[in-house]
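Please look over the sequence and the structure shown here before reading on. The report that comes after is meant to be read slowly, with the picture at hand.

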Amino acid sequence: MYIERLQLKNFRNIESINTAVEKSWVVISGNNAQGKTNLLEALYIASTGQSFRKSLLSDFIKDNHENSIIRCQIIKQNVRHQIDVQLQKTKRSIRVDDKPLRSLTKLLSLMNIVAFFPDDLMLVKGSPEGRRKFIDRCALSFYPDSADIFKAFRRSLKERNSILRKYQRQEQKLDVQLLKAFDEQLIKYGAKVHQYRKDALDELKKYVEHYLLEFNVIKDSLEISLEPGVPIHDINSFQSSYRRALAESMQIDQIRGLTTVGPQRSDLLFNLDGKEAKSFASQGQQRSLVLALKLAELKVIEEKVGCAPLLILDDVSSELDQTRTEYLFKAIEDLGCQVWISTTGSVDLKIPKENHHFNITNGALKEL
Amino acid sequence: MKLDPIATLQLQLARLPGIGPRSAARLAFYIIKTSQAQGKNANLAEDLAQSLLDVQKEVRLCRECQNLCTEEYCSICRDPRRDQSTLCVVEAVPDMQALEKSGTFRGLYHVLHGVLAPLEGVGPEELKLEYLLDRTKNKSVEEVIIATNANVDGDATALYLASLLEPQELRITRLAMGVPLGSELEYLDSATLSRALLERKDMVNT
Ligand SMILES: [Zn+2]
C-alpha cells in the first residue's frame, strides 16, 4: 500500500499541507523542531488512530484553532481509499471512505504501517513498557481484531484500579463482589491479550533469527520469551493462574490502590546464544537485534496482508551506522515499501534516486 | 447584552450526544430556514419546541420497571397478558425497544438506565439495584434474563447482578451475545436478537 496524497490542517506546528506523492521514497529534511516528526506523526495517527507520543488531544491542534484535520488518500491492492481524521479538543473522530469508524479494527486492517524511531534502538536495554509497546504494536498489525480486545483489557484494568483506588483513599468501602465482577473481565481479556502477544512473538521469531545469523550477531540460537506478568501455577490455563495471582495479590493491591499482577506487567526477554541480551549484548548487537525485530515486523505484515506496509523512519539513520542503514534500505527496496523518512540532512543517506525530497521549515513543506 | 439567537440554538444543539459543532450549525440553519418557508415543515420550530416541553412535562419513569412512560405504569406493565414470571434486565430504553420489536420476549422488563462503571462513578446505588432485588423477591418472578451489552461494563454488571440474585434461588440467564453475534443489543437485528434470547445461557457463579 502507499500514500497518494496527504493533507494536513492546523496539525501541531503545521498550518497547511496538501501534497501528492507518487514515488516510493519520501524524504523530509529540516532542522530540529521544524515539523518533521509532526508530519510523520500525522501519518501514523491516520494509520493507527493513535500517536506514538504521549499527547493530549489539544496538543495536536495548532494554537488559536478549534480542530486539526488529517486526510490521507491511499492505494491498496489497486483500490483507492480515504482516511479522514478530525481532532478536536475533546474528541477524535475518524472516517474511512467517508464512513465513521466504530472500531479501530477496520482502520488497522486497511492501513499497514511500521514505524522506526531513534528511541526504538533502546528497546533491548530500556524499560519493559517499551518492549510491551513493541509487541502490542505487532499484535495489532498482525491481528487487527485484537484492537477491541486490547481496548477491553485496558478498560477492565482501569475499572478495577478505580475500585481499588477509591478504597485506598477511603472514599468507598470495598465491595468484594463488585471487584470480582471486574476481575473476571480482566481475566477474560487479559488472557486474550497474552495469547495475542504470544502469537505475534511466534510470527516474529520465524524471521528474527535469520536476520541475526546474517548480521553475525549470533552463531547459534536466539531465544525470545514472553514474561507473562502472572506467576504460572497452572501451565494448562493462563486464566486460572491469573485468577489465583489476583487473589494472592489482593492485599497488596488494596494497599497500593492498583493492580500489581497481570499482562500490564509483562516483558520480553532476549537471549543471544544463551546470554541475556539486556545485560550481556554490546550496544552494536542490541541495535542489530532491534533492526532484526523491525525487519521481521515488516516481513510478517507483508506475508499476512499480501502487500508491503508503509514504513516511517524518523531520523533513524542518525543513530544507525552505515552498514545497518544500508541493510535496512536494501530490505525496504526488496519488499517494495513506500517509506517516509525524516532527516536533518547531516549525513548522506544514499537514498535511491527515485524520490521526493521535501524540506520542512517552521511547519511549511516545500518540494526541493 | 442579548445573546445572538442563532448562535444560542447552535450551542444548545451541540449539547446533544453525537452532535458536533458542524452538525449543530447544519441543524440550526435547517430549522431556521424551514420555519420561515411554506411547506410540510413550515411549523418545525414551533412543533419542535412544543414537543420538547411536552416531553419534559409528561414523561416519567414507570413505577414498576423504570421504563419511560406518561402514566404511573407503562403499557407493558399494565398488559395482563405479559408473562409475569420472567424479567428481562436491560441497560437502556432503546434496548428494550429492540427486544420488543423482535417479538420473541413476552415477559416484563427492568430498565437500569446505565451499567456499573466505577470509573464514571456509577456503582450499585446509582443503578438502584436494591429496588430490582425487591421486585424479584416480592413478585412471582422465576427467571431473570440479564440483557446488558456484552462489553466490559455490561458483562461485569451481569456478573454482579447474578451474585446479588443468587440467594433468591431464581433461574438467572444471560443473552447469548458477543462475537460473532455482536456486543451491543441496540444494533442487533430482530432475527439475531431472537436467537440471542432463545439461546440464552444459565449463569453459573464462578
Ligand atoms: Zn413498566
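## The model and the build of chain B

The structure described here is a predicted model, and every value in this report was computed from it. Chain B contains 8 helices together with 7 strands, and its C-alpha trace extends over about 60 × 35 × 35 Å when it is laid along its principal axes. Of the 206 residues in chain B, 43% count as buried.

The domain assignment divides chain B into domain 1, which covers 5-55, and domain 2, which covers 81-202. When the centres of domain 1 of chain B and domain 2 of chain B are taken over C-alpha atoms, 35 Å lie between them.

## Salt bridges within chain A

Side chains of opposite charge can pair when their charged atoms come close. Over all chains, the structure holds 35 salt bridges, and one of them joins the side chains of A:Lys304 and A:Glu203, with a distance of 3.1 Å from N to O. Because A:Lys304 lies in helix H10 (residues 283-305) of chain A and A:Glu203 lies in helix H6 (residues 176-214) of chain A, this pair ties together parts that are 101 residues apart in sequence.

In chain B, a salt bridge forms between B:Glu64 and B:Arg135, whose closest N and O atoms are 3.1 Å apart. This pair links distant parts of the chain, since B:Glu64 sits in the loop between strand E1 (60-61) and strand E2 (68-69) of chain B, while B:Arg135 sits in helix H6 (residues 129-138) of chain B, 71 residues apart. B:Glu64 counts as buried at 15% relative accessibility, and B:Arg135 counts as buried at 6%.

A further salt bridge joins B:Arg81 and B:Asp79, with 3.2 Å between the closest N and O atoms. Here B:Arg81 is exposed, with a relative accessibility of 67%, whereas B:Asp79 is buried, with a relative accessible area of 14%. Salt bridges also link A:Arg155, A:Glu159, B:Glu120 and B:Asp153 in a network.

## Charged patches on the surface

Which residues form the positive surface patch? The patch is made by A:Arg92, A:Lys151, A:Arg154 and A:Lys158, and helix H5 (residues 146-168) of chain A gives the most to it, with 3 residues. A:Lys158 lies in helix H5 of chain A, and because its relative accessibility is 52%, while exposed means over 50%, A:Lys158 counts as exposed.

A negative surface patch is formed by B:Glu125, B:Glu126, B:Glu130 and B:Asp134. Among them, B:Glu130 is found in helix H6 of chain B, and at 57% relative accessibility B:Glu130 counts as exposed.

B:Val55, B:Val59, B:Leu61 and B:Leu68 make a nonpolar surface patch of about 300 Å². One of these residues, B:Leu61, is found in strand E1 of chain B, and B:Leu61 is partly exposed, with a relative accessible area of 34%.

## Separations in chain A

A:Asn10, which lies in strand E1 (residues 2-11) of chain A, counts as buried at 11% relative accessibility. From A:Asn10 to A:Asn216 there are 206 residues in sequence and 47 Å in space, taken from C-alpha to C-alpha.

For the second pair, how far apart in space are A:Ile252 and A:Lys205? From C-alpha to C-alpha they are 36 Å apart, and in sequence they are 47 residues apart. A:Ile252 is found in helix H8 (residues 250-256) of chain A, where A:Ile252 is partly exposed, with a relative accessible area of 43%.

Technical notes. Residues are numbered from 1 along each chain as its sequence is written. Chains are lettered from A and ligands numbered from 1 in the order in which they are written. This is a predicted model: local features need pLDDT of at least 70, side-chain atom pairs count only at pLDDT 80 or more; totals for chains, interfaces and linings use all residues. Side-chain values use heavy atoms; hydrogens and water are left out. Patches are made of residues with over 30% relative accessible area and no salt bridge: like charges are joined within 9 Å, nonpolar side chains (Val, Leu, Ile, Met, Phe, Trp, Tyr) within 5 Å. Accessible areas come from the Shrake-Rupley method with a 1.4 Å probe; for residues, only the protein chains shown count as cover. A salt bridge is a side-chain nitrogen of Lys or Arg within 4 Å of a carboxyl oxygen of Asp or Glu. Lys and Arg count as positive and Asp and Glu as negative; His and the chain ends are not counted. The place of a charge is taken as NZ of Lys, CZ of Arg, CG of Asp or CD of Glu. Helices (H or I, at least four residues) and strands (E, at least two) are DSSP runs, numbered from the N terminus. Buried means under 20% relative accessible area, exposed over 50%, partly exposed in between (1.4 Å probe, protein chains only). Domain bounds come from an automatic or database domain assignment.
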